[in-house]
Amino acid sequence: MLRLRWLYLILAAWGAIHPMSYFFPWLMANGYDFVAMLNAWHVNAATSGLVWDLTIAAITLTLFILVESITRRNWIGLAAIPATFGIGVSCGLPLYLFLRSQRQAE
């Protein structure tokens with residue numbers, strides 16, 4: 001279980017770094033224009049579908065994190081919510097799994 005726990009952390013780091021390697025150059029070229037970013041996300045039906053897919057996944061993950069954190073009283077797990085919406089599901093999900101497995105590893 002300990003190896004799996006550290007794999008979650010590695011995936012969370014990858015899920016933070018890799019997407020940001022695309023976002024930061026775009027932000028440097030276009031500035032922090034939220035409307036322009038929304039337009040870029042919806043440039044065609046394929047990207048709009050992906051945006052909605054990730055939005056629904058993020059909302060579902062947030063509900064899961066809230067219920068699990070309250071039930072288990074594992075408040076540190078709530079840190080995965082801002083990671084999910086600030087970075088993405090690719091960071092938030094493995095981060096939550098890493099934080100959730102902390103008690104079992106100790």
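Let me begin with helix H3, residues 45-72, which gives the nonpolar patch its largest share, four residues; helices here are DSSP runs of H or I with at least four residues, strands are runs of E with at least two, and both are numbered from the N terminus. Please keep in mind that this is a predicted model, in which local features need pLDDT of at least 70 and side-chain atom pairs count only at pLDDT 80 or more, while totals for chains, interfaces and linings use all residues. Residues are numbered from 1 along each chain as its sequence is written, and side-chain values use heavy atoms, with hydrogens and water left out.

The patch itself covers about 680 Å² and is made by Ile59, Leu63, Leu66, Ile70, Trp75, Leu78 and Phe85. Such patches take residues with over 30% relative accessible area and no salt bridge, and nonpolar side chains (Val, Leu, Ile, Met, Phe, Trp, Tyr) are joined within 5 Å; a salt bridge is a side-chain nitrogen of Lys or Arg within 4 Å of a carboxyl oxygen of Asp or Glu. Accessible areas come from the Shrake-Rupley method with a 1.4 Å probe, and for residues only the protein chains shown count as cover.

Where does Trp75 sit? Trp75 lies in the loop between H3 and helix H4, residues 80-86, and it counts as partly exposed because its relative accessibility is 46%, where buried means under 20%, exposed over 50%, and partly exposed in between.

Turning to the whole protein, we have six helices and zero strands, and the C-alpha trace spans about 45 × 25 × 20 Å along its principal axes.

Conventions
Patches are made of residues with over 30% relative accessible area and no salt bridge: like charges are joined within 9 Å, nonpolar side chains (Val, Leu, Ile, Met, Phe, Trp, Tyr) within 5 Å. Buried means under 20% relative accessible area, exposed over 50%, partly exposed in between (1.4 Å probe, protein chains only).
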